[in-house]
Amino acid sequence: MRRYSIFAVAREGLRFHQGWGRAWAAPEPKKKYEVVVVGAGGHGLATAYYLGRNFGIRNVAIIDKGWLGGGNTGRNTTVIRSNYLQDPSAAIYEKSRALYETLSQDLNYNIMFSPRGLLMLAQTEHEARGYKRTVHANALQGIETQWIEPARVKELVPIMNIAGPRYPVLGALYQPRGGTARHDAVAWGYARACSDMGMDIIQNCEVTGVRTQGGRVHGVDTSRGAIDCDKLAMVVAGNASVLADMAGFRLPIESLSLQALVSEPIKPAINVVVMANTVHGYMSQSDKGELVIGGGTDGFNNYTQRGSWNHIEETIRALIETFPIISRLKLMRQWGGIVDMTGDRSPILSTTPVEGIFVNCGWGTGGFKSIPGSGWAMAELVAKGTPGPLAAEFGLNRFREGRFIDESVAAGVAH
Amino acid sequence: MLTLTCPYCGVAAEETELAPGGEAHLTRFGPGSSDDDFEAYLFSRSNPKGVHFERWRHAYGCGKWFLAARCTVTLEVFGTYPAQCFAPPPELIAAIKAKRPEWKGFQ
């Protein structure tokens, strides 16, 4: 792999950019791999990357039914934060946020990490109390967050109407090192690094069956033939239940559609990420100038990648009251992603009833921010067969044992 | 917008008039049941990509709970029926089979 650098840009500039190679290879699937990762989104690619980097396992295939990063990795609102309440979540989300800080350098690929600061608005008394509690919890967990008063919120976001009357801003949970990154670049950067380690990224390859023998995984059947493997990592977000069904077990997951939309580009207007969970809306401005807006999830099981119209209306109605200047903006695009929701709104990183199959799902509405941390923890789980400290609390058995990691406040809808 | 016909009052209700209630026909397990059964009842869901039987409440209408068969991929509604059923009506199952030959059937 040729490294990207300012010298490479200069060299290619002098020869009309004819010399850039492919960022990753497009190999035919082999008969057998040590590890097959299903799902070439951020989480799947990060899992493969850290399997190679941290554990030296490079005989790995990452297969996807569509194109690389074309699921929720390409559909989210790119928010990165780690201001969660419970210790296990704080640990894995903060690990993830910390890895994002240097990910561009680690991957030699500019993921445009922008720690611009993130506000979670408190618009009811209950929310204010909840967020103050989170700030105290974060202090104990070693995560830098602050409670800030309305005047400071207004200073950070001058376009915000903090007076209400319907949704007054009573303060905010502020994480100065939260922010955004370029979502596609995260997938592309990991893919390039995986390909460079000799791993096979196989796109347009849909898993049609999981072959097991005596309670142990043997391989997968795909639209491009059978592939054998010693270990199988299922990292397919909203389609987790479908894949689990092929392997003969069920998951505590329901798939819902979560929507996002972007406005036409405008001049710089807001340089932090603002989340307003009471009204189910969140907003940031992309480098292109578009306002990136996230809405609520549908309440019913759904694999459509569209989402219901009424949720857009509710989100926009509330955001216009908080940000009056956006009322005349045109919206350019709207889409949905299929999020995999667990009962306690925390992810599942776990062994399964089938030996050799590992599952990473349940990130729900908050998958993008957790990509590096999730891959880090999942790689350890797959390599060793047992979860390391980051993944230990996120096993499937927590439902049976009642050890929930309740993040319904931190996750809410806006994640 | 998703439109379901309430089997009680006959109104074709849009989704904003309804409250979703999750998977239907779950077998309830309570005190005295095995851990496996209790866990499966509380948490495990079939979450199919395709035909799904689910509960809805006509919240801003007659207020009744009812059940619906819907495709989670196309949002096609196959039919609705009263909540006082242990299984979907046979004619509804036949209608779904006719439209979705590959469907595994109600389990």
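User: Which residue is the bridge partner of Ser284(A) in strand 15 of chain A?

Analyst: Strands of a sheet pair through backbone hydrogen bonds, in a parallel or an antiparallel sense. In this predicted model, Ser284(A) has Val292(A) as its bridge partner in strand 15 of chain A. Strand 14 (residues 281-285) and strand 15 (residues 291-297) of chain A pair in the antiparallel sense over 4 bridges. Two strands pair if DSSP finds at least two bridges between them; strands (E, at least two residues) and helices (H or I, at least four) are DSSP runs numbered from the N terminus.

User: What is the strand order of the open sheet of 8 strands in chain A?

Analyst: The order is 5-6-4-13-14-15-12-16, with mixed pairing. Strand 5 (146-148) and strand 16 (331-341) of chain A are the edge strands, each pairing on one side only.

User: How many residues of chain A and of chain B are in contact?

Analyst: Contact is defined by C-beta atoms, placed from the backbone, within 7 Å. On that basis 19 residues of chain A touch 18 residues of chain B. Helix 8 (240-247), strand 12, helix 9 and helix 11 (397-401) of chain A each give two or more residues to the chain A side.

Terms used
Residues numbered from 1 in each chain as written. Chains lettered and ligands numbered in written order. Predicted model: local features only at pLDDT ≥ 70, side-chain atom pairs only at ≥ 80, totals over all residues. Contact = placed C-beta atoms within 7 Å.
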